[in-house]
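Please open the structure in the viewer and follow the selections below in order.

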Amino acid sequence: MHCTRNVTESIVWIGGNDRRLALFENLFPIPRGVSYNSYVILDEKTALMDTADASIRRQFVENLQYALNGRTLDYLVVDHMEPDHCSNIDELMLRYPEMKVVGNVKTLRFISQFYEINLEGRTVEIKEGDELCLGKHTLKFVMAPMVHWPEAMVAYETSEKVLFSADAFGTFGALNGNLFNDEISFDKAWLDDARRYYTNIVGKYGPQVQSVLKKAAGLDISMICPLHGPVWRSDLGYILDKYDKWSRYEPEDRAVVILYASMYGNTENAVEILANALAEAGVKDIAMYDVSSTHVSQIIGEAFRCSHIVVAAPTYNNGLYPAMEAVLRDMKALNLQNRTFAVIENGSWAPISGKEMQGLIAGLKNCSILEPCVSLKSSVKEEKAEGLRQMAKEIAASLNA
Ligand code: FEO
C-alpha cells in the first residue's frame, strides 16, 4: 500500500524507511534505522529526484505509482550514484520506456559501471548551471563533486525554491511519520545522528562542502530536500550553520570529550580522577567514552563536536592499544583539525603509547597537545593523581582561553 507525503502541492515524498538494516554501508550502526528519500515533481512533465535503496523497492514503486496517478514518468534525475539511491534505475527504465535519465557525464558512466543497462537514447546529459524545464517548475543543476562521490550534484527548483540536496543535510534515522524539521525535535532527537552521519561519511571532504555552501549562498532557498532524514522547511540557518562549522572543522562546542582504553580498569581510574578534577574546575557536560566498547563512528561525531579531546590508553605489543590506534587513524582519515588534545599513557614496563598517540595527533592539521602528558606505570599513585589534577587545570584554562 502506498505511503507518501506531500512536500508541496506538486512535490511528493515517495521514499521509505529501513529499520532492519544493522549497519549502513555495512560500517555504521543505525539503531534508529534510516530513510531513503525520493521526490516526484508533478508538472506538464513529471520528474523523479533519485530512486531509493533496493531494500525498499516494493514500497518505493507503490509510492511512485500512486503519486503519478496513472501518468508516465518523463525524467529520472540521478543526483548521486551510491546504490542506496540508485538501485531502482533499471526497474524504472523497464516500467517507463519513455523515461529519460538525467545526470552529468560521471553519473552516466557510473550507471554503466554498476548496472547492465542500455542507455542509448535514454539520457539527458547536463553540466553545471544547466536547466531542465518541466512546465512551471525548472530544475537548475549545481555540481557538488566529492560530496562525497565525484558525480554528486544538487538540483535547485526555481519556482518553489526547493533545493534537492542529495546526501548533503542528510542524517541517519528512520522517519516516523514526521517528514519535516518543524514536526520533530531535531536538536534533541536527531542532531547526534546527523553529526555522526556527516562526520563519518562526508567529514573528509570539508573543502568540497564549503564550495557547495558558497554556491548555495547564491540561491534563494525556501526548502531543503535531502536523500536521508527530515525535509527542512524552516530554520534553514540552523542546519546550514552546523554544516558550515563541521566542514570548516570548527568545534561545535567548547567542551571536553575523554576517550580512553583500559584493559583492567587502571587507565579508566585515571580518567575518572581527571574527570572529577575537571568538574571541580568548573567544566560542565564532560563526555567520556571507552574506545573498546563505543563504535568509532560515535567517537568521531563527538570529536567533531568538542574542542578538547583527552586520549588515554595502555601500551600494547610495544605500541599503542589497537582500539585507540583505530580511533586516531580514523580522525586522520576524516581530516579532523583544530583541536586541543591531552594525552595519558599507561605501560607497566616500557610505556610507549603516549609517544605513539602524540605521533598520530601530530599528523592532524592545526592540533596541539597540552603539556605535560601523564605517564602511568600500571596504576595511579598519588604523585600521578596530582599530575592528572594539574592536567585538569590546564584543560580548564585552555577551554576558557
Ligand atoms: Fe546516501 Fe552517498 O548515499
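**From a salt bridge to the domain interface**

Begin at Asp253, which is partly exposed at 29% relative accessibility (buried means under 20% relative accessible area, exposed over 50%, partly exposed in between; 1.4 Å probe, protein chains only). This is a predicted model, in which local features need pLDDT of at least 70 and side-chain atom pairs pLDDT 80 or more, while totals for chains, interfaces and linings use all residues. Residues are numbered from 1 along each chain as its sequence is written, and side-chain values use heavy atoms, with hydrogens and water left out.

Arg305 belongs to helix 9 and Asp253 to strand 17, 52 residues apart (helices, H or I, at least four residues, and strands, E, at least two, are DSSP runs numbered from the N terminus). Arg305 is buried, at 12%.

Next, select helix 5 (186–202). Here Arg195 and Asp192 meet in a salt bridge of 3.0 Å, N to O; Arg195 is buried at 3%, whereas Asp192 is exposed at 54%. Arg196 and Asp193 form another, at 3.1 Å, and both are buried, at 8% and 11% respectively.

Finally, colour domain 1 (5–247) and domain 2 (253–399), whose bounds come from an automatic or database domain assignment. Across their interface the rule finds zero salt bridges. Helix 5 gives the most to the side of domain 1 that touches domain 2, with four residues.

How values were computed
Salt bridge = Lys/Arg side-chain N within 4 Å of Asp/Glu carboxyl O.
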